[in-house]
Amino acid sequence: MRALITGITGQDGSYLADFLLSKGYDVTGMVRRSSTETFERIAHIKHRLTLKQADLLDQLSLIKIMEEVKPDEIYNLAAMSFVPTSWIQPTLTGEFTGIGVTRMLEAMRQVCPTARFYQASSSEMFGKVREVPQTELTPFHPRSPYGVAKVYGHFITVNYRESYNLFAVSGILFNHESPRRGKEFVTRKISDGVARIKRGLQKELRMGNLDAQRDWGFAGDYVKAMWLMLQQKQPDDFVVATGEAHSVREFIELAFDHVGLNWKNHVVVDPEFLRPAEVEHLLGDSSKARRMLGWKPEVNFRQLVHSMVDADLDRLKDQGG
Ligand code: NAP
Ligand code: G4F
């Protein structure tokens, strides 16, 4: 089996590549050119991957990569994925995260229409939530240009399935984290900050809204759900979540407790990290995925927090006290 992963240099792309290689797939990763390579997350498997240059903004490059790879499965994980940046670059976010999905689907339709396509949709689409918990049937009310672009990506995937009979699915994934998470996202910012404070490299941690609640899972568990969605008889959309919500404050408290520090002595709320419109509370109901895919999360909240702090402590062990 041949898989094409866009966004292979990101958190999810790297875990998905690990997983597909373990299943014996030939894995090609789509990468965009940059002046400095960003291959840190796939360094351990780079020799087992084929990497090819293309860009979500460049239709011809997407057609060419599909002609060369002839994939059986396509995982479209590439996107501008950081919510605050989507207010700074709203049209670019729309191009990458929204229209980029259409470019991928068009390339697949022209070149390899029998391939199976996974779109990385997001719980950010629920935004100002209409019901708790959120299911596949909950209406969307996105609260950021990123969320709006993801709603477009979701519906264009559904539309191409219905219009052209493609095997195209949308996975509505709630927040998932890991030691490979980018340091600007809240969980990794906390785990990295706690490790730096513990190692004597930093004194305070400046944060935004501590009341926001998220349904946080482990990225390694969530990439399995992506694969399972493409192994079904019929294409369909699924919510993937743990079914447990925790606040940013709880994450902070657990992370500082883990290293024997009191968070109140270090955390400073800084208005710079507040958002123009906030998603206050996300909680997913993944009953459909559990029932139809046989999927369930293996890592709980406490294990997730501890593993992220431990990984950052380990990474910084030669740099501090
Ligand atoms: P991530 O770590 O930010 O990775 C994003 C990837 O997209 C990187 O490999 C990046 O490449 C690539 N990319 C960005 N713009 C591109 C372009 N124009 N052309 C080609 N590649 C481009 O994100 P992640 O956390 O792994 O998330 C994967 C996907 O799932 C994203 O679509 C995200 O929006 C979605 N999602 C994530 C979560 C979550 O909690 N993690 C939840 C729901 C949905 P560079 O290395 O070159 O920057
Ligand atoms: O970690 P975050 O930046 O993730 P957010 O906005 O929920 O988006 C992530 O999850 C989505 C799935 O729902 C993905 F689609 C998306 O690509 C991304 O992976 O922020 C989480 C919460 C927010 O409410 C934010 O306001 O944490 C709050 N927060 C509080 N202080 C902070 C901070 N977020 C960041 N990044 N930095 C802070 O200092």
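A residue counts as buried when its relative accessible area is under 20%, as exposed when that area is over 50%, and as partly exposed in between. Keep these cut-offs at hand for the tour of this predicted model.

**Stop 1: the whole chain**

Show the chain as a cartoon. Along the principal axes, the C-alpha atoms fill a box of roughly 60 × 45 × 40 Å.

Of the 321 residues, 54% are buried. If you draw contacts between residues at least 6 apart in sequence, 78% of them join residues at least 24 apart.

Colour by charge next. There are 41 positive and 40 negative side chains, and the centres of the two sets lie 2 Å apart.

**Stop 2: His246**

Select His246, in strand S12, which covers residues 246-247. Is His246 buried or exposed? Its relative accessible area is 12%, so His246 falls under the 20% cut-off and is buried.

Show the side chains around His246. Two polar contacts can be drawn here: one to the side chain of Glu244, at 2.6 Å, and one to the side chain of Glu250, at 2.9 Å. Then hide the neighbours within four places in sequence. His246 is also in contact with Ala212, Gln213, Arg214, Trp216 and Phe301.

**Stop 3: helix H8**

Move on to helix H8, residues 248-258. Select its buried residues: Val248, Phe251, Ile252, Leu254, Ala255 and Phe256. What covers them includes helices H6 (186-198) and H10 (301-315), along with strands S8 (205-207), S12 and S13 (267-269). S12 is the strand of His246 from the previous stop.

After H8, click on Gly260. The phi of this glycine is positive, near 75 degrees.

**Stop 4: Glu184**

Finish at Glu184, in the loop between strand S7 (176-177) and H6. H6 is one of the elements that cover the buried residues of H8. Glu184 has a relative accessible area of 42%, so it is partly exposed.

Which distance separates the C-alpha atoms of Glu184 and Phe82? Select both residues: they are 102 residues apart along the chain, and their C-alpha atoms are separated by 8.0 Å.

Methods: Residues numbered from 1 in each chain as written. Chains lettered and ligands numbered in written order. Predicted model: local features only at pLDDT ≥ 70, side-chain atom pairs only at ≥ 80, totals over all residues. Heavy atoms only, no water. Buried < 20%, exposed > 50% of the residue type's maximum accessible area, 1.4 Å probe, protein only. Contact = heavy atoms within 4.5 Å. Lys, Arg positive; Asp, Glu negative; His and termini not counted. Charge placed at Lys NZ, Arg CZ, Asp CG, Glu CD. Helix = DSSP H or I, 4+ residues; strand = E, 2+ residues; numbered from the N terminus. Polar contact = N/O pair within 3.5 Å; in protein donor to acceptor, adjacent residues only side chain to side chain.
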